[in-house]
Amino acid sequence: MTLSDNRVFQALRSEFVCGFKNIAEESYCGRSGDHNPNEAAIWTTNGAGPRNTQLFLLDADGTVLECLPGFWAPDDLLCEIGFAKALDKVWHDGNRSPAQKTAAFVSAQLLHLKAHSQAMMERSHLQGFDAQEEEKNAQSDLFYRDGEFKPAFDLMNNVSRKYPELKTVDQLVHERMAKRPFVNYDQFDVAAYVDYGKRRYDKHEVDRFEGKGKFDKTTKTK
Amino acid sequence: MRRISLIALAFALVSAGLLYAKDRKASAMPKQESLVAPEAVQASVTKVTTTIKWYDDLEAAKAEAKRTGRMIFWMHALGELTGTT
């Protein structure tokens with residue numbers, strides 16, 4: 001429902017050429033319960049369902065400026081769109097060498113994650129089943145390492161503090177993008193980029209809707 | 001000196017992204033885990049799939065982006081576009 005949010009919708013219509021790829025046959029594609037457009041949907045956290053959907057922000061030549069795995073809330077998608085537009089200007093800056101462009105890309109990615117709002121971080125905590133999956137892997141880059149940015153979790157809401165040893169997804173995506181400066185879409189390693197959390201899950205939206213009738217009637221977007 | 005200019009550039013890039021989002025009138029963010037009624041989902045799907053032209057060929061999208069001076073929003077999804085909101 002993010003794409004139908006008026007602000008996102010207008011940005012897509014006026015500033016982007018939009019395209020779509022069904023990834024059902026891709027090796028990295030995950031699995032989830034079936035959802036039809038005539039059934040209830042659910043608002044979830046940023047980065048939820050990383051293997052089921054990916055949003056790429058590309059230069060006209062196919063260079064990947066940003067890749068957002070899974071669901072993203074409208075405010076946060078807009079924030080990342082603005083960032084990608086700024087990166088695109090660097091990509092086209094004729095006064096910078098390739099090495100300078102790469103350095104700017106990496107620095108900007110690592111700086112941007114520190115500038116995210118608290119609200120964005122709170123919308124970006126891992127879902128419980130994804131966090132539990134990551135906790136089994138001591139090598140996961142979702143664990144904070146020495147020298148890495150760590151937000152003040154004591155300021156966050158209770159849900160976000162539930163797994164304080166794990167990064168939020170808004171941080172993870174910028175760290176992973178920083179390792180892929182100005183890569184063309186054809187060479188972008190989607191499988192590794194979206195590799196976190198469980199491969200199969202089901203949030204049972206339909207059951208929740210039909211069972212309790214508990215939904216936000218005022219909400220127009222997912 | 002070069003390092004300072006790199007930091008300044010990175011800062012400018014970050015600021016640009018934040019300002020882009022801020023410039024757009026904020027709407028109330030729904031609560032996580034809140035459900036959306038089927039009618040609203042269907043309306044959303046219709047809006048997104050009928051008003052925006054969606055390319056399924058990246059090369060064609062790139063040609064159009066170059067022609068119009070725009071960037072590309074390229075979405076991967078499990079399933080068809082009509083199931084995307």
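**The setting of M120(A)**

M120(A) counts as buried because 20 other C-beta atoms lie within 10 Å, and the cut-off for a buried residue is 20 or more. The model described here is a predicted one.

M120(A) belongs to helix α4 of chain A, which spans residues 118–122. Apart from its neighbours within four places in sequence, M120(A) has contacts with D76(A), C79(A) and D170(A).

Helix α2 of chain A (residues 74–91) packs with helix α1 of chain A (residues 6–15) at an angle of about 30°, and the two axes are 9 Å apart. The two helices are therefore roughly parallel to each other, since angles under 35 degrees are classed in that way. The crossing of α1(A) with α2(A) is left-handed. On the α1(A) side, the residues that meet the partner helix are R7(A), V8(A) and A11(A); on the α2(A) side they are P74(A), L77(A), L78(A) and I81(A). Sorted by class, this contact has six nonpolar residues, no polar ones and one charged residue.

Helix α3 (residues 98–115) and helix α6 (residues 169–178), both of chain A, have axes that come within 8 Å and cross at roughly 170°. This angle makes α3(A) roughly antiparallel to α6(A), because the class covers angles over 145 degrees. From α3(A), the contact draws on V106(A), Q109(A), L110(A), H112(A) and L113(A); from α6(A), it draws on D170(A), Q171(A), H174(A), E175(A), M177(A) and A178(A). Five of the residues in the contact of α3(A) with α6(A) are nonpolar, four are polar and two are charged.

Chain A also pairs with chain B through strands. Strand β3 of chain B (residues 71–77) is mostly covered, with six of its seven residues buried. Strand β1 of chain A (residues 16–22) runs parallel to β3(B) and is joined to it by seven bridges; within this pairing, K21(A) has H76(B) as its bridge partner. Strand β4 of chain A (residues 53–58) runs antiparallel to β3(B), with six bridges between them, and here L57(A) stands opposite F73(B).

Technical notes: Residues numbered from 1 in each chain as written. Chains lettered and ligands numbered in written order. Predicted model: local features only at pLDDT ≥ 70, side-chain atom pairs only at ≥ 80, totals over all residues. Axes fitted to C-alpha atoms, helices over the stretch in contact; angles between N-to-C directions. Helix = DSSP H or I, 4+ residues; strand = E, 2+ residues; numbered from the N terminus. Parallel < 35°, antiparallel > 145°, perpendicular 65-115°, else oblique. Contact = placed C-beta atoms within 7 Å. Nonpolar A, V, L, I, M, F, W, Y, C, P; charged D, E, K, R; others polar. Buried ≥ 20, exposed ≤ 12 C-beta atoms within 10 Å, placed from the backbone. Pairing = 2+ DSSP bridges. Left-handed = near helix turned anticlockwise from the far one by under 90°.
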